[in-house]
Amino acid sequence: MTAARLSEVPRAGAAAQAAAPARAPIEIAGVSQVFRRVGQVTHALDRVDLNVAGSEFIAIVGPSGCGKSTLLKIIAGLIQRSSGSVRIAGQEVQGPYTNLGIVFQSPVLLDWRNVLDNVLVQLELRGIDPRGYQARALELLGKVGLSEFKDRMPRELSGGMRQRAAIVRALIHDPPLLMMDEPFGALDALTREQMRIDLEKLWLDRRQTALFITHGISEAVALADRVVVMTPRPGRIDRIIPIDLPRPRHKDVLASRRFTEYCDQITECFMRHGVIRY
Amino acid sequence: MSADIPLQPVTPPTLGAAFAGWLRKRAGVLIVFALLFLLWEYAVWIFGVKEYLLPPPSKVWVEFMKRSNTVMQGAIVTTQEIVGGYLLAVLVSIPLALAVARSRFIEESVYPVVVFLQIIPKIAIAPLFIIWLGFGFTPKLLIVFLLCFFPIVVSSVAGFKSVDPEVMDFAHTTGASGWRMFVKIRLPQALPEIFTGLKVGAALSATAAVVAEFVAADRGLGYLLQQYNGQLETPMVFAIIVLLSLIGLAVYYLVELVERLVIPWHVSQRPAGVTGI
């Protein structure tokens, strides 16, 4: 509805944003999470320590129910942690952290807004005039192949397209931190492959600090600078594997010997914990 | 780059196109109605049914035309009661629903009382209103209000409370204030359920007005209905029943029209034909 009116505004906001440094180091120390429900105590996370450098891409892999989503929500300040400390860009996280973009497993688009307005709601909710971001939104939508679909309503799109719109919404305000909670979990294998390639491209543009939760081993290796492997509940960090592969990670990189070795290392971690059995 | 296949596009409904579409879709229903009236007309004639038992549609029409002035004046009174009571119900119940949804205290203190009061048969209260407020417009307005109020409150509370937790998580990461969150997320998300209640209320409103007039009135369609019934003027009874149905239908469709204009993204998603005619 606002699309027509917005189109004549120049991309002032986007240009100003591009100058901002995309750095938000994260320090996580001794984070534990205990859920109490009628006489039942669940240890979701057990003393997690992790330091993430600014503009580093971290993938967190773990079996279902290991608390990796909980960890992400704790870092974002969406869940109150039982103990430990989380600092982003030097600041202790208390309550929802807002200087970030977030993508969930489901796209969480607003049914009553078209694709472009769903992207711009990020700014509206922040009290920022979305007009200055029109051009940037269209540019990002173009990068994920949604240019022609900017006026479509979410229900008119496939699952993959909706998730692309959600990723653009998470990036439109150029946050220094991008958090993704199994963003490709509900997609088919082919779409997933393409989304991974697109995500790497988008990330290489700005190199935000990125946290990516997944249970796909090769997906984690393909995307991350470091892969954090978690144990089954209570979630603990089992190993942190630095991935020394060139970017962008095209198919020859993914077919390389070293790529396979990294995947094997993660698989072995899971075998040790009985998550994967042969 | 995307291999995704978009689903079928949804065209925004314009009024003219909507009416043409309605006519095409409902042609079958309209024909059946026409046939029923024909059958009625000739069955009465063939079997020689007495007029005061079941008058033929043509007779109903003729009698109605003779006294259309009186009847239309009654119709105006009744319509005013319906619209006034309904609007009052909307104005009171949506803010109340919002308060119930947002405040634990109000939900636990005020809402149970509202639900309890609802159990009292409203029609049984009607005579009390007459004692308190007399014969005029106000007691009818209040009875319409009472009957429409509850379905709107209940569905609006449900609407305001049914917020997708992940949408709220997303909204929290933007640091949006409560008001902005309400305008941009909570209210639009609640609207489909609010409209469900608004339609139930609209469907009840005509019944409420007639019942109120039955109890005590000196004007309105409910009053006329009783008059004609007492004099065994059955064709006029039929005429008023038809007129009342038309008013009820008009109120209902007006609400549905507003719904189409306010939440087209939801209406077009709903399977067709759910709402009947």
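Predicted model: local features only at pLDDT ≥ 70, side-chain atom pairs only at ≥ 80, totals over all residues.
Across the interface of chain A and chain B, the rule finds 2 salt bridges, where a salt bridge is a side-chain nitrogen of Lys or Arg within 4 Å of a carboxyl oxygen of Asp or Glu. Residues are numbered from 1 along each chain as its sequence is written, chains are lettered from A and ligands numbered from 1 in the order in which they are written, and side-chain values use heavy atoms, with hydrogens and water left out.

Let me stay with the interface. One salt bridge joins the side chains of A:Lys73 and B:Asp169, at 3.3 Å from N to O. Between chain A and chain B there are also 6 residue pairs in polar contact, both residues being at pLDDT 80 or more; a polar contact is a pair of N or O atoms within 3.5 Å, where within protein one must be able to donate a hydrogen and the other to accept it, and residues adjacent in sequence count only if both atoms are side-chain atoms. The elements that give two or more residues to the side of chain A that touches chain B are helix H4 (115–125), helix H6 (159–171) and helix H7 (189–206) of chain A, helices being DSSP runs of H or I with at least four residues, and strands runs of E with at least two, numbered from the N terminus. By class, that side of chain A has 16 nonpolar, 9 polar and 12 charged residues, with Ala, Val, Leu, Ile, Met, Phe, Trp, Tyr, Cys and Pro counted as nonpolar, Asp, Glu, Lys and Arg as charged, and the others, Gly among them, as polar.

How many residues of chain A are in contact with chain B? There are 37 of them, and they meet 27 residues of chain B, contact meaning heavy atoms within 4.5 Å. The two chains bury about 2900 Å² between them, 63% of it on carbon and sulfur atoms; buried area is the accessible area, taken with a 1.4 Å probe, that two parts lose on being put together, summed over both. A:Trp112, A:Leu125 and A:Arg155 supply 29% of the area that chain A buries against chain B, more than any other three residues.

A residue to look at here is A:Gln122, which is found in helix H4 of chain A. Is A:Gln122 buried or exposed? A:Gln122 counts as buried because its relative accessibility is 2%, buried meaning under 20% relative accessible area, exposed over 50%, and partly exposed in between, with a 1.4 Å probe and protein chains only. Its side chain makes a polar contact with the side chain of A:Arg126 at 3.0 Å, and, leaving aside neighbours within four places in sequence, A:Gln122 is in contact with residues of both chains, including A:Arg169, A:His173, B:Phe170 and B:Thr174.

Turning to chain B, B:Ala97 has its place in helix H3, residues 68–102, and counts as buried at 0% relative accessibility. Not counting residues up to four places away in sequence, B:Ala97 touches B:Val153, B:Ser156, B:Val157 and B:Phe160.

A:Asp198 is buried, with a relative accessible area of 5%, and A:Arg164 counts as buried at 2%. In chain B, B:Glu63 forms a salt bridge with B:Arg67, the closest N and O atoms being 2.8 Å apart; B:Glu63 counts as buried at 10% relative accessibility, whereas B:Arg67 is partly exposed at 22%.

Finally, the sheet in chain A: 4 strands form an open sheet in the order S2-S1-S4-S5, with antiparallel pairing, and two strands pair if DSSP finds at least two bridges between them. Strand S2 (40–52) and strand S5 (91–92) stand at the edges, each with a single partner strand, so one side of each is left without a neighbour in the sheet. Strand S1 (residues 26–37) and strand S4 (residues 83–88) are joined by 5 bridges, and A:Ile26 has A:Ile88 as its bridge partner in S4.
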